Amino acid sequence: MSTRRLFFGIGLPQTIQQEIIAWRAAAFNAAAGRPLAAANLHLTLAFLGEVSDEKTTAICRLAGRIRQPPFTLHIDDAGHWPRPGVVWLGLRQAPRGLVQLAEMLRSQAARSGCYQSPHPFHPHISLLRNATRPVAMPPRDFHWQFDVAQFSLLQSTFEQGRSSYKVIESWPLIARQE
């Protein structure tokens with residue numbers, strides 16, 4: 001049985017990807033860690049792990065039933081997790097819609113048999129990997145903002161020492177009908 005490494009996520013608009021890449025190049029030296037490619041910048045909502053095609057179909061069906069209004073992300077925080085070696089951008093205040101969407105997806109994934117981390121949801125965009133030594137963090141005088149109108153199921157592949165992500169399916173965020 002074939003499986004794919006999957007996760008639910010939110011992509012960043014290309015203009016914001018490029019602005020973040022330029023900011024990262026100015027804010028961190030090359031020894032800080034391995035930078036992620038602009039196309040790989042995303043916010044993970046729920047990691048699913050290795051998933052069979054049959055389970056993927058069921059998860060997609062459940063995701064298509066979600067009725068969640070769009071929301072706005074304000075990227076205005078940053079940090080470093082030394083143990084996993086990740087430098088990240090995040091949100092000082094996560095919008096309620098983002099947290100609700102992540103909780104719904106994580107709950108559906110768990111019910112479908114996908115392991116879910118017991119750690120609370122911490123919305124972030126990974127910027128650097130292999131950042132296991134102390135990293136000088138820049139001042140938090142940055143701010144990017146964008147409206148989120150959809151979420152996606154993505155496949156993660158690892159080839160030649162690099163990860164890449166491919167959108168499998170996307171769903172619009174739409175308000176519930178009263």
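**Stop 1: the largest pocket**

Select β3 first: this strand gives seven residues to the lining of the largest pocket, the largest share. You are looking at a predicted model, where local features need pLDDT of at least 70, side-chain atom pairs count only at pLDDT 80 or more, and totals for chains, interfaces and linings use all residues. Numbering starts from 1 along each chain as its sequence is written, and side-chain values use heavy atoms, with hydrogens and water left out.

Some terms for this stop. A pocket is an open set of points on a 1 Å grid over the protein atoms alone, where a 1.4 Å probe fits, with protein on both sides within 12 Å along at least five of seven lines; lining residues have an atom within 4 Å of a point. Strands (E, at least two residues) and helices (H or I, at least four) are DSSP runs, numbered from the N terminus.

The largest pocket has a volume of about 1100 Å³, taken as the space filled by probe spheres set on the grid points, which are joined across faces, edges and corners. Now show its 36 lining residues. Nearest the centre are T44, F47, H124, S126 and R129. Colour the elements that supply two or more lining residues: β1 (3-11), β2 (34-35), β3 (42-52), β7 (124-129), β9 (150-159) and β10 (162-172). By class, the lining has 17 nonpolar, 14 polar and five charged residues. Here Ala, Val, Leu, Ile, Met, Phe, Trp, Tyr, Cys and Pro count as nonpolar, Asp, Glu, Lys and Arg as charged, and the others, Gly among them, as polar.

**Stop 2: the annotated histidines**

Zoom on H42, in strand β3. Is H42 buried or exposed? H42 is buried, with a relative accessible area of 12%; buried means under 20%, exposed over 50%, partly exposed in between (1.4 Å probe, protein chains only). Beyond neighbours within four places in sequence, H42 is in contact (heavy atoms within 4.5 Å) with F7, I10, L12, H124, I125, S126 and Y165. Its side chain reaches the backbone oxygen of N40 at 2.8 Å.

Move to H124, in strand β7. Not counting residues up to four places away in sequence, H124 touches H42, L43, T44, W81, W88, L89 and G90. A polar atom of the H124 side chain lies 2.8 Å from the backbone oxygen of H122.

**Stop 3: the second largest pocket**

The second largest pocket holds about 250 Å³ of space. Of its 20 lining residues, I10, G11, L12, L154 and V167 are the closest to the centre. β9 gives the most to this lining, with four residues. The lining divides into 11 nonpolar, eight polar and one charged.

**Stop 4: two buried residues**

Select L36, in the loop between β2 and β3. L36 is buried at 6% relative accessible area. Its listed contacts include I21, R24 and L41.

Finish on T56 in helix α2 (residues 53-63). T56 counts as buried, at 4% relative accessibility. Among its contacts are R4 and L153.

Key:
A polar contact is a pair of N or O atoms within 3.5 Å; within protein, one must be able to donate a hydrogen and the other to accept it, and residues adjacent in sequence count only if both atoms are side-chain atoms.
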